[in-house]
Amino acid sequence: MMVPGIVALLAIYVRATCPESPYWVRTQDRKTRVRDALSRGQAVSDEDRAWFLKADKVGIRQVLMPDTLPKILVATFIACGASCIWGTVGAWMPLYLSTEKHWSTAEYGTFYIFWGLMGFCGQTFAGWLADRIGRRVAFLVMLLQGAIFLTAWIYSESTLWLWIFGLGWGFGLLGFWAPSVVLTAEIFPTRIRGVANGVVWAIGFLVGFVLWPFATVALQQATGSFTLAFLCVPGFMLVMALGVWFWVPELAGKELDEIGV
C-alpha cells in the first residue's frame, strides 16, 4: 500500500506544480476567442466555426462524433489487446509457475524481481526506438520479440530456459506498454485527448481484467492446464502487431497540433 500512496502523492505534486500543455492552453484560447467572436456577431472563418462546433461539446459527446470514431476503434483495439495480455499474465503466472512448472514461492518471487527489471529495460528501449525510428516500428519489434520468447518459455521445462526465455519475453511484453499508452493518447485531437484516452482504457480494462479472466479459467478447466490460456497471449500480440502496422498512422516527429484538430 505504501507504493501506491507514494505515487498518489507524486501525482498531487505534479498536478499542483507542472504547467498545462501549451497545446491544451492554445486549444482553450482558441475556444474562448471563437466563442467571444460568435457572441458579438463578428465574422468567424469556416474552419474556426467547424472546429468550435466540435470543441464546445461535452468531451464524451466528442468521442462519439463521426470524425473521431475511427480513432476510438483503433485505440480501443490496442487497449483491449494489451489488457487481455496483462490480464492473463498478471493474474495467472504465479499459479502457472507453481502448479505446472513446479517452482517454489521463493523461486518465482525472485524471478518476478528480475522480470520486472527486464521490463523496465524493455520500456526504456521501446521509448528510444519510438523516438528514433517510429511508434509503429517500436510496437511491432516489442510485440514480435515478446511473442517469440513467450512461446518458447511456455514449452520450456528446465529452470535455466524458463529464466532465459522468461526474461526475454518480459523485455518485449512489458516493453510494448511504453509506446502503447502514448500511441492511444496521441492519435486523438488535443481538445479530447484526456477524455478519449480514458474511455478507451476503461473499456480495455473492463474487457481484459473483468471479462477475459473468465475465458482463461474456462480454458484451464477444459484442458486441465493454463498452457492454452498462455498461448493466447502470443496470439494477441501477433494480432496487435498486424493491427498497429496496418491501421495506426505513424506520428513520430509530428507536433501535436498537426495530428488532429
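Biologist: Is G170 buried or exposed?

Modeller: The model is predicted: local features need pLDDT of at least 70, side-chain atom pairs count only at pLDDT 80 or more, and totals for chains, interfaces and linings use all residues. Residues are numbered from 1 along each chain as its sequence is written, and side-chain values use heavy atoms, without hydrogens or water. G170 lies in helix α8; helices (H or I, at least four residues) and strands (E, at least two) are DSSP runs, numbered from the N terminus. The relative accessible area of G170 is 0%, and the classes are buried under 20%, exposed over 50% and partly exposed in between (1.4 Å probe, protein chains only), so G170 is buried.

Biologist: Which residues does G170 touch, not counting residues up to four places away in sequence?

Modeller: Contact means heavy atoms within 4.5 Å. With residues up to four places away not counted, G170 touches W115, G119 and G175.

Biologist: How far apart in space are G170 and G122, C-alpha to C-alpha?

Modeller: In sequence, 48 residues separate G170 and G122. In space, their C-alpha distance is 7.7 Å.

Biologist: How many helices are there in the protein?

Modeller: Along the sequence the pattern is α-α-α-α-α-α-α-α-α-α-α-α. There are 0 strands, and the number of helices is 12.

Biologist: What percentage of the residues in the protein are buried?

Modeller: The C-alpha atoms fill a box of roughly 75 × 35 × 35 Å along the principal axes. The protein has 261 residues, and the buried part is 41%.

Biologist: Where does α5 bend?

Modeller: Helix α5 covers residues 69–99, 31 residues in total. Its first and last C-alpha atoms are 44 Å apart, close to the expected 45 Å (1.5 Å times one less than the number of residues). The bend is the angle between axes fitted to the seven residues ending at a residue and the seven starting there. In α5 it is about 55 degrees, with the proline P94 following within four residues, and the place is W92.

Biologist: Which residues does W86 touch, not counting residues up to four places away in sequence?

Modeller: W86 sits in helix α5 and is partly exposed, at a relative accessible area of 28%. With residues up to four places away left out, the touched residues are A91, W115, L173, L174, W177 and F209.

Biologist: At what angle do helix α8 and helix α9 pack?

Modeller: Axes are lines fitted to C-alpha atoms, for helices over the stretch in contact, and angles run from 0 to 180 degrees between N-to-C directions. The axes of α8 (residues 159–175) and α9 (residues 177–186) are 5 Å apart, and the angle is about 10 degrees.

Biologist: What does that make α8 relative to α9?

Modeller: Angles under 35 degrees count as roughly parallel, over 145 as roughly antiparallel, 65 to 115 as roughly perpendicular and the rest as oblique. Therefore α8 and α9 are roughly parallel.

Biologist: How are α2 and α3 placed relative to each other?

Modeller: Helix α2 (residues 22–39) and helix α3 (residues 46–55) have axes that come within 10 Å and cross at roughly 110 degrees. The two helices are therefore roughly perpendicular.

Biologist: Which backbone oxygen does the side chain of T216 reach?

Modeller: T216 is in helix α10 (residues 193–223) and counts as buried because its relative accessibility is 0%. Beyond four places in sequence, T216 contacts T88, W92, F226 and A229. Its side chain, at 2.7 Å, reaches the backbone oxygen of P213.

Biologist: Which helices do the buried residues of α11 pack against?

Modeller: Helix α11 (residues 227–247) has 21 residues and spans 30 Å between its first and last C-alpha. Its buried residues include A229, F230, V233 and P234. They pack against α5, α7 (135–154), α8, α9 and α10.

Biologist: Is H102 buried or exposed?

Modeller: H102 is found in the loop between α5 and α6 (105–132). It is not a glycine, although its phi is positive, about 60 degrees. At 63% relative accessibility, H102 counts as exposed.

Key. A polar contact is a pair of N or O atoms within 3.5 Å; within protein, one must be able to donate a hydrogen and the other to accept it, and residues adjacent in sequence count only if both atoms are side-chain atoms.
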